[in-house]
Amino acid sequence: MTKVKDIGEQSLLEKLQRFCPAEIIGDDAAVLETAPGQSLVVTTDVLVDGVHFSNLTTSPEDAGWRAAAANLSDLAAMGASPLGITVGLGLPGELRVSWVERLYQGMTECLQKYNTPIVGGDVVRSPVTTLAITAFGQVNPSQIIRRSAAVVGNAIVVTGVHGASHAGLELLLHPELGQNLKDAERTALIRAHQRPQPRLDVLPILWKILTPNSRLPIAGMDSSDGLADAIIQICRASGVGAVLEHRQIPVPKTFNHWLPPEQALQYALYGGEDFELVLCLPQELASALVQHLGEGAAIVGKITAGSTVLLHDKQKKLPDQVLSLSQGFQHFNS
């Protein structure tokens, strides 16, 4: 079995260049032309073996897909359309070449859905497999989505269900869980974790709805670090608070006959890696967006004065709860 150390950097790069357009690679940097009146958007994510992916739960193809999807989701959260990505690899010499090629195959499978090429990158030796992706996108300056644009009275929209990815991870780590789930239900939750879908499809729908209000600022980000994290981050950047309605947070229907309600809520708020968009906009436009997006999309709350992000239960079966970042995953926390 051929290993990375057996062929060296240049031979590995030759193999990986097959995944890139021939007319773009070969120089010290990629040149990407954007349309007139467009702004270039750049985002970078680093993924580390044992932290963001593991061979216990993720094939090389799935690791590649997830890495690409995470970056495309960041572009979607800014309102941007993707142009290309660069890939930085830190690899142990003992790693099999086939693993790296399969990683790239997974990235390519995700990127092809959005006509997004791999336009370059770098490879270095590392004791831990590390993947750093920089994604480039373009957006009309009047359509940039920022965390800091939420205003009091805005409705808070989520573009899909939350908690599915974390549930899929738990099923992979603990196969004995969810014994009453049907095979198709189990597969769907696992796929939500292994093959998340960046919500670039939301943008043309959003711009269509906003056409008469094209200069109206929209606040938002993606929920890759959890729904609670996204709403708290938006509120902090905008200097506002929020009230979320517990019963309006959409979770997979399969949760109803598998997870206790309290655990389902925790998965939705803090599980992360669902890669849905969380958007703040006027109530009328929020309702129109949810109607266009269909099942899974929902208005989960509203922006308020102050700085507190509160989880409320209209049925008064649960006490009000103040949400905080400390309850979710944070790098370097013990």
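Me: Which residues of helix 3 are buried?

Reply: A word on the source comes first. This is a predicted model, in which local features need pLDDT of at least 70, side-chain atom pairs count only at pLDDT 80 or more, and totals for chains, interfaces and linings use all residues. Residues are numbered from 1 along each chain as its sequence is written, and side-chain values use heavy atoms, with hydrogens and water left out. Helices (H or I, at least four residues) and strands (E, at least two) are DSSP runs, numbered from the N terminus. Buried means under 20% relative accessible area, exposed over 50%, and partly exposed in between, with a 1.4 Å probe and protein chains only. In helix 3 the buried residues are V97, W99, V100, L103, Y104, G106, M107, T108, C110 and L111.

Me: Why do residues three or four places apart in an α-helix point the same way?

Reply: An α-helix has 3.6 residues a turn, so residues at that spacing point the same way. Here, the buried residues of helix 3 pack against helix 1, helix 2 (60-77), strand 2, strand 3 and strand 4.

Me: How many residues does helix 3 have, and what distance does it reach?

Reply: The expected span of a helix is 1.5 Å times one less than its number of residues. Helix 3 has 16 residues and reaches 22 Å from its first C-alpha to its last, close to the 22 Å expected.

Me: Is V97 buried or exposed, and which residues does V97 touch?

Reply: V97, found in helix 3 (residues 97-112), counts as buried because its relative accessibility is 4%. Contact means heavy atoms within 4.5 Å. Leaving aside residues up to four places away in sequence, V97 touches T2, K3, V4, I7, L12 and K15.

Me: What is the strand order in the sheet of 4 strands?

Reply: Two strands pair if DSSP finds at least two bridges between them. This open sheet has the order 1-4-2-3, with mixed pairing. Strand 1 (39-48) and strand 3 (118-125) each have a single partner strand, so one side of each is left without a neighbour in the sheet. Within the sheet, strand 2 (residues 81-91) and strand 4 (residues 130-139) run antiparallel and are joined by 9 bridges; P82 stands opposite G137 in strand 4.

Me: Which strands of that sheet does helix 1 touch?

Reply: For directions, axes are lines fitted to C-alpha atoms, for helices over the stretch in contact, and angles run from 0 to 180 degrees between N-to-C directions. Helix 1 (residues 4-17) packs on the sheet by touching strand 2 and strand 3, and its direction makes about 170° with that of strand 3.

Me: How many aromatic pairs does the structure hold?

Reply: Rings of Phe, Tyr and Trp (its six-membered ring) pair if their centres lie within 6.5 Å; planes under 30 degrees apart count as stacked, over 60 as edge-to-face and the rest as tilted. The structure holds 4 such pairs. One of them, F19 with Y104, is tilted, at 5.6 Å centre to centre and 50° between the planes. F19 lies in the loop between helix 1 and strand 1 and Y104 in helix 3, so the pair ties together parts that are 85 residues apart in sequence. Both F19 and Y104 are buried. The ring centres of F255 and W258 are 6.1 Å apart and the planes stand at 65°, so that pair is edge-to-face. Ring pairs link F255, W258 and Y267 into a cluster.
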